[in-house]
Amino acid sequence: MKRIVTLTILLLLSSLSWRLLCAEEPPGQVAVSPAMFEINIGSKPVNESIRIKNLKKNPVTLKVEVYNWTLDEQNKLKILPPDSQSLDQWMIINPVSFTIDPGNEQVIRFSIRPRTLPNPGEHRAVIYFAEQLSPTNPGGVEILFKLGVGVYGYAEKIQRSASLQGVTLDRASGTLKVDIQNSGNVHTRLKGEYALWKKDGFPGFKSIGSYMNWPRDKKRPDWFIGSGSMNNTPVLAGQRRTITTKFDPPDKNTGYIVTVSGTIDGKKIEKILQ
């Protein structure tokens, strides 16, 4: 008896392109571009396309599904029923089922054609590419992937009104918590980096840029411990959410501070956490 395990991977929370989903089989070895769409919509049709490349050694068959969605209080994706203003109801996709041979690509085209005038603000959809059972794997465990690509449609008039309520450091768990209130009508997100410094070693925010992409083959200064990207999970319109970012804390005997630098809706954020 075959056991089926489905791994769902969501790219709508990120802005990276040509994302390699898995390094080894199973489940996928698939690359997608782009990983997310932000599109201006109105009364006229808008056309876009997605490329999916099969990096597996075997053919992969995918089925396309489209849904309306939101994020719950735990920042997890929640599927919503369609309504007259949901983006999924305005989308036409071709093809909706296909097989990609090893090393090949498939172009999936979609069109957004609103059936009514879109209300001002954001309209969302998630396009799922669900891997289908392989006829060449008759038994055992088969791990399938379900890849979600986010589509954000913006209808005029757009209002961006996000505010940072606070940034806190939890040393015990190695966690940064960013509290964001979004009073606008489109999603927002913190785009930025964190860095760890030995106490009294922070060079100042004007000099921080030269450390964020420090070459791996170049020795770090003693006062610079490390850095990384902040979690950029979106905060949807009308929501207040705490977005957490995990980091690897240094040795317990090392005194350190953490800096957070970035932007929210273009507004600069610079914080020092003792």
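In what sense do E15 and strand E16 (residues 224-229) pair, and over how many bridges? The two strands pair in the antiparallel sense, over 5 bridges, where pairing requires that DSSP finds at least two bridges between two strands. Helices (H or I, at least four residues) and strands (E, at least two) are DSSP runs, numbered from the N terminus. The model is a predicted one, in which local features need pLDDT of at least 70 and side-chain atom pairs count only at pLDDT 80 or more, while totals for chains, interfaces and linings use all residues. Residues are numbered from 1 along each chain as its sequence is written, and side-chain values use heavy atoms, with hydrogens and water left out.

Lys198 finds its bridge partner in E18, at Tyr256.

Asp200 sits in the loop between strand E15 (190-198) and helix H1 (209-212). Its phi is near 70 degrees, a positive value in a residue other than glycine. Asp200 counts as exposed because its relative accessibility is 84%; the classes are buried for under 20% relative accessible area, exposed for over 50%, and partly exposed in between (1.4 Å probe, protein chains only). Another positive phi in a residue other than glycine belongs to Asp265, with a value near 55 degrees. Asp265 is placed in the loop between strand E18 (256-264) and strand E19 (267-273), and with 29% relative accessibility it counts as partly exposed.

Two cis peptide bonds deserve a look as well. One runs from Ser33 to Pro34, with omega near -10 degrees, and Pro34 belongs to the loop between strand E3 (30-33) and strand E4 (36-40). The bond from Asn94 to Pro95 is likewise cis, with omega near -5 degrees; Pro95 is in the loop between strand E8 (91-94) and strand E9 (97-100).

Finally, there is Asn75, in the loop between strand E6 (60-71) and strand E7 (77-80). Asn75 counts as buried because its relative accessibility is 17%. Leaving aside residues up to four places away in sequence, Asn75 touches Thr233, Arg241, Thr242 and Ile243, contact meaning heavy atoms within 4.5 Å. For Thr242, the backbone oxygen lies 3.3 Å from a polar atom of the Asn75 side chain.

Key: Polar contact = N/O pair within 3.5 Å; in protein donor to acceptor, adjacent residues only side chain to side chain.
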